[in-house]
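I opened this entry to work through the strands, the pockets and a few single residues. My notes follow in the order I looked things up.

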Amino acid sequence: MILKSKENLEIEIHHHPHYQSLNEKLMDDLSKLSFLSHEKNIYHTNIKGSQFNFIRENLSLKPRGVTLIENWVEQIIRDKLGGSLNYRFGTWAARLDKGQQTLEHDHLFFCTHAFVYFVNSPKGASPLVFPTSGKKIKAEPGKLVLFPASLRHKVPVNKCDNRVTIASNVYVLENW
């Protein structure tokens, strides 16, 4: 499904065909990681819950399921853009419990695209909201939301525990 934002940018929604088994394994793998609260995170974050960044020293801890999602996103973008391009991902896992949220922000100047993949969405899980466009994407396991980095988004105050997502800044670079 493709939605158009007020800014006339595309928000793509895809569903993973094997999300049940993928998400079950992801939840198991993610449960072994030490998520940091936003107060203890040394990196700037709009996530007012907890997260685990798969960067630098943590790359070896990246679950295979996260790499599968990155490869899926790369293929979606490659099918659309074609050409000889390089892809880089700055990926993290985020967990929001009851009363937590993600502040409104964009990823402009950091990357070309961003995505959110829903791993665990219990009853009461807040949607992904694009406030300037009035678009709300329901949190559902196996759903992937891919959008331009410039599009502002947020997660309103969550009404459940253990809303888990995989998100990423996607860098699409031309080969030189």
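I note at the start that this is a predicted model. I began with a bridge: Asn-53 has Trp-92 in S5 as its bridge partner.

Which way do its side chains point?

Next I checked the pairing on either side. S4 pairs with S5 (residues 85–96) over 4 bridges, in the antiparallel sense. S3, residues 36–37, also pairs with S4 in the antiparallel sense, over 2 bridges. There, Leu-36 stands opposite Gln-51.

**The sheet**

I then traced the strand order. I read 8 strands in an open sheet: S1-S2-S10-S7-S12-S5-S4-S3. The pairing is antiparallel. Which strands stand at the edges? They are S1 (2–4) and S3. Each has a single partner strand, so one side of each is left without a neighbour in the sheet.

I also counted the bridges between S5 and S12. I got 12, with the two strands running antiparallel. Within that pair, Arg-88 has Tyr-171 in S12 as its bridge partner.

**The largest pocket**

I moved to the pockets. The largest has a volume of about 630 Å³. Its lining takes in 33 residues. Which of them lie nearest the centre? I listed His-44, Gln-51, Trp-92, His-107 and Asn-169.

I checked which strands supply the lining. S4, S5, S6 (102–105), S7 (113–120), S11 (153–155) and S12 (163–174) each give at least two residues. The largest share comes from S12, with 6 residues. By class I have 15 nonpolar, 15 polar and 3 charged residues in this lining.

**The second largest pocket**

I logged a volume of about 150 Å³ for the second largest pocket. Its lining is Leu-9, Glu-10, Glu-12, Ile-77, Lys-80, Leu-81, His-113, Leu-146, Phe-147 and Pro-148. Which elements each supply at least two of the lining residues? I found S2 (10–15), helix H2 (64–81) and S10 (143–148). The class count is 6 nonpolar, 1 polar and 3 charged.

**Asn-158**

Asn-158 is found between S11 and S12. Is it buried or exposed? I have it at 2% relative accessibility, so it counts as buried. The cut-off for buried is under 20%. I then followed its side chain. The side chain of Asn-158 reaches the backbone nitrogen of Ser-126 at 2.8 Å.

**Cysteines**

Last, I checked for disulfides. How many does the structure hold? I found 0. I still looked up the accessibility of two cysteines. Cys-111 has a relative accessible area of 12%, so I put it down as buried. Cys-160, at 6%, is buried as well.

Methods: Residues are numbered from 1 along each chain as its sequence is written. This is a predicted model: local features need pLDDT of at least 70, side-chain atom pairs count only at pLDDT 80 or more; totals for chains, interfaces and linings use all residues. Side-chain values use heavy atoms; hydrogens and water are left out. Two strands pair if DSSP finds at least two bridges between them. A disulfide is a pair of cysteine sulfur atoms within 2.5 Å. Buried means under 20% relative accessible area, exposed over 50%, partly exposed in between (1.4 Å probe, protein chains only). On a 1 Å grid over the protein atoms alone, a cavity is a set of points where a 1.4 Å probe fits but cannot get out, and a pocket is an open set with protein on both sides within 12 Å along at least five of seven lines; lining residues have an atom within 4 Å of a point. Grid points are joined across faces, edges and corners, and a volume is the space filled by probe spheres set on the points. Ala, Val, Leu, Ile, Met, Phe, Trp, Tyr, Cys and Pro count as nonpolar, Asp, Glu, Lys and Arg as charged, and the others, Gly among them, as polar. A polar contact is a pair of N or O atoms within 3.5 Å; within protein, one must be able to donate a hydrogen and the other to accept it, and residues adjacent in sequence count only if both atoms are side-chain atoms.
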